[in-house]
Amino acid sequence: MEAVINMEKQSAVKKYSRSLIKFQSLIALFLLCLAISLLSDKFLTATNAWNVMRQISVNVCISVGMTLVVLTAGIDLSVGSVLALCGAVTAGLLKNGIELPANNLFIGFTLLGAIVAGLLIGALLGVFNGWTITKFKVPPFVATLAMLTIARGLTMLWTGGYPISSLGENFASIGTGWLLGIPVPVWLSGIVVVIAVVLTKKTRLGRYIYAIGGNESAAKLSGINVNKIKIAVYTIAGTLAAVGGIIVTSRLDSAQPNAGVTYELDAIAAVVIGGTSLSGGRGSILGTVLGAVIIGVLNNGLVLLNVSPFWQQVVKGAVILLAVIIDKANAKSE
């Protein structure tokens, strides 16, 4: 009888522990918001909330692409530089097409054309990442690290090292406008999230992504074209980095050559904090969104509390390390 009672107690403890693990990100977000609100009276205001949502929207777009990559047991370190290049290309085409129509190759380039061009650049760089990784078996870390440098160099060449500014009110409305009482960037990131959730939950591509991350050899044996799926995933990641680049450029009304620096770290942090395993095959888009919110709130709180930018980097690094340790502990317990 006593043994049965002990078994029931152990079962209840395990069930309680699983519940804590399942909602650990939500619990962390609640505690973080509670701590910041106690330390700063500016945190729980509508203006600050919308400001945080605007900032988070860029990271959400990038992090969704990063999640798909990580689910295949890969990594993409180039998203920050791809973001900068796509934003600069869009700004350059937009500016030249509008202000110098008689002296420029891109005569009459419209707003939509410039945006599509920026998105295509992001997609092509993603294809190149995927092709390099699958064709030449270059580790994702090395391939995307190389692309990080290439894209940053191309950004400097395109801009000459100077910002491209004054891009017009129509373009600025993408990053600063409102629609139905909600900032446009929040709408855009929301659309990206909905599409990604459907892709991962309801499509064959989504099932293949999880299968590759879970066991690549088994996925190959079951007839999945692993290389094709990986190239598709890196293409999506590049395209979403371009979406982030367009939002950032629009919000600032300027394409900065050094835009997107360390954005890849924020994206990886959001993915890991959201519960996606760096080993692949386990995680969710909604978890990543929650991770991006935690990173955004943390950044906002550190700024409101006037924490030194140097210490902000230390804190963010510690949070990432803690998330990885918790992820490893969870994987071991499972």
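1. Helix 3 (residues 46-71) and helix 13 (residues 285-304) have axes that come within 8 Å and cross at roughly 140°. Helix 3 is therefore oblique to helix 13. The handedness of this crossing is right-handed. The model is a predicted one, and every point below should be read with that in mind.

2. The residues behind this contact can be listed for each helix. Helix 3 contributes Asn48, Asn51, Val52, Ile56, Asn59, Val60, Ser63, Val64, Thr67 and Leu68. From helix 13 come Ile285, Thr288, Val289, Ala292, Val293, Ile295, Gly296, Val297, Asn300 and Leu304. Sorted by class, the contact of helix 3 with helix 13 holds twelve nonpolar and eight polar residues, and no charged ones.

3. A second pair can be described in the same terms. Two packed helices are described by the angle between their axes and the distance between the axes. For helix 7 (169-176) and helix 8 (residues 184-202), the axes come within 5 Å and cross at roughly 65°. Angles of 65 to 115 degrees count as roughly perpendicular, so helix 7 is roughly perpendicular to helix 8. Here Ser173, Ile174 and Gly175 of helix 7 meet Val184, Pro185 and Leu188 of helix 8. The residues of this contact are four nonpolar, two polar and no charged.

4. Thr72 is placed in the loop between helix 3 and helix 4 (79-99). Is Thr72 buried or exposed? Its relative accessibility is 3%, and buried means under 20%, so Thr72 counts as buried. A polar atom of the Thr72 side chain lies 2.5 Å from the backbone oxygen of Val69. Leaving aside residues up to four places away in sequence, Thr72 touches Ile209, Ile212, Gly213, Lys230 and Val233.

5. Ala73 is also in the loop between helix 3 and helix 4. Its phi is near 70°, a positive value in a residue other than glycine. Most residues other than glycine have a negative phi. With 39% relative accessibility, Ala73 counts as partly exposed, whereas Thr72 counts as buried.

6. Ser166 is another residue other than glycine with a positive phi, near 55°. Where is Ser166? Ser166 lies in the loop between strand 1 (164-165) and helix 7. Ser166 has a relative accessible area of 46% and is partly exposed.

Notes
Residues numbered from 1 in each chain as written. Predicted model: local features only at pLDDT ≥ 70, side-chain atom pairs only at ≥ 80, totals over all residues. Heavy atoms only, no water. Axes fitted to C-alpha atoms, helices over the stretch in contact; angles between N-to-C directions. Helix = DSSP H or I, 4+ residues; strand = E, 2+ residues; numbered from the N terminus. Parallel < 35°, antiparallel > 145°, perpendicular 65-115°, else oblique. Left-handed = near helix turned anticlockwise from the far one by under 90°. Contact = heavy atoms within 4.5 Å. Nonpolar A, V, L, I, M, F, W, Y, C, P; charged D, E, K, R; others polar. Buried < 20%, exposed > 50% of the residue type's maximum accessible area, 1.4 Å probe, protein only. Polar contact = N/O pair within 3.5 Å; in protein donor to acceptor, adjacent residues only side chain to side chain.
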